[in-house]
Amino acid sequence: MSEPDLKPLIVIGGGGHASVLIDILRVQKREILAVICPDDLSQRSVFNGILHLSKDEDVLNYPPDSVRLVNGIGVLPRSNVKKKLNQYYLSLGYQFETVISEQAWISNEAVIETGAQVFAGAIIQTGAKISAHTIINSKALIEHDSVIGKYNHVAPNATICGQVETSENVYVGASSTLIQNIKLDKNVVVGAGAVVTKNVLEGRTCYPYRTKTQCNGIGKRQE
Ligand SMILES: CC(C)(COP(=O)(O)OP(=O)(O)OC[C@H]1O[C@@H](n2cnc3c(N)ncnc32)[C@H](O)[C@@H]1OP(=O)(O)O)[C@@H](O)C(=O)NCCC(=O)NCCS
């Protein structure tokens, strides 16, 4: 049984990211009314027993005040799909549920804004803030006082050291490291395995260390 004050959920998306979210929500015994996805869901057992609807418009059959939405669409570098979808449903009065795995560790002094998703093994330290609709993926570490902007994706095993600031729509790749006290402007992409040691300007991509020097945020692969 769900807690009486928790609204039933509709999950948008039926791929790998959605499957992880549903796994978390099932452990928490949340009521999931439907999964919205145009594709077949039979390959993943975690979807078994949940009503499968195929069109985004199917959400509109549920009044905004009767449900909460969970955006289960995985976020790739520079993808705007999740943000556009969220903005559309928010404009209609829907709200997005914040989903936090029981296996994440979050300081009592950290702030997690609405619609954020925090997966198993993630650690979020004191004074950190995770802004709305941001994904903190499995085993990511957000150190003290770091402020992660809206619609970021911090991929598995990324390490964000203390007092880092990221703007909106930043993608922090798997197993990358951001050293302390740096700022990443909006739409920055940090490649998987990159080490970022300086501020990064809007829209730039940081590639991992290759031969001579480490990525310095100027947006070119270093040879
Ligand atoms: C950096 C990134 C955004 C791709 O950038 P891109 O400019 O589009 O790069 P491409 O895919 O065209 O690859 C170009 C070359 O760089 C290499 N490359 C790209 N990203 C790399 C990375 N993170 N580490 C090592 N090499 C990488 C590719 O293998 C390719 O090498 P080649 O020229 O020898 O064939 C992407 O590869 C990346 O790292 N994404 C993050 C993935 C991730 O964290 N996923 C988590 C999912 S939950």
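## Overall fold

The chain contains two helices and 22 strands. Helices (H or I, at least four residues) and strands (E, at least two) are DSSP runs, numbered from the N terminus. The chain has a radius of gyration of 18 Å, close to the 17 Å given by the globule rule for 223 residues, so it is as compact as a globular protein of that length. Here the radius of gyration is taken over C-alpha atoms, and the globule rule is 2.2 Å times the number of residues to the power 0.38.

This is a predicted model, in which local features need pLDDT of at least 70, side-chain atom pairs count only at pLDDT 80 or more, and totals for chains, interfaces and linings use all residues. Residues are numbered from 1 along each chain as its sequence is written.

Taken along the principal axes, the box filled by the C-alpha atoms is roughly 55 × 35 × 35 Å. Of the 223 residues, 40% are buried. A residue is buried if 20 or more other C-beta atoms lie within 10 Å of its own, exposed if 12 or fewer, and partly exposed in between, with C-beta atoms placed from the backbone. Among contacts with a separation of 6 or more, 22% are between residues 24 or more positions apart; two residues are in contact if their C-beta atoms, placed from the backbone, lie within 7 Å.

## Two domains

The domain assignment gives domain 1 (9-96) and domain 2 (98-209), with bounds that come from an automatic or database domain assignment. Their C-alpha centres lie 23 Å apart.

In the contact between the domains, 14 residues of domain 1 meet 14 residues of domain 2. On the domain 1 side, helix H1 (16-27) and helix H2 (81-91) each supply at least two residues. H1 gives the largest share of that side, five residues. By class, the side of domain 1 that touches domain 2 holds nine nonpolar, two polar and three charged residues. Ala, Val, Leu, Ile, Met, Phe, Trp, Tyr, Cys and Pro count as nonpolar, Asp, Glu, Lys and Arg as charged, and the others, Gly among them, as polar.

E4 runs parallel to E1, to which four bridges join it. One of the bridge partners is Arg 68 in E4, paired with Leu 9.

Lys 7 lies in the segment before strand E1 (9-12). With 18 other C-beta atoms within 10 Å, Lys 7 is partly exposed. Not counting residues up to four places away in sequence, Lys 7 touches Ser 66, Val 67 and Arg 68.

Two strands pair if DSSP finds at least two bridges between them.

Strand E18 (residues 177-178) pairs with E21 in the parallel sense over two bridges. Opposite Leu 178 stands Val 196 in E21.

## Ligand surroundings

The ligand is surrounded by 13 residues, and the closest are Ala 155, Gly 173, Ala 174, Gly 191 and Ala 192. A residue is near a molecule or strand if its C-beta atom, placed from the backbone, lies within 6 Å of it. The shell around the ligand divides into eight nonpolar, five polar and no charged residues.
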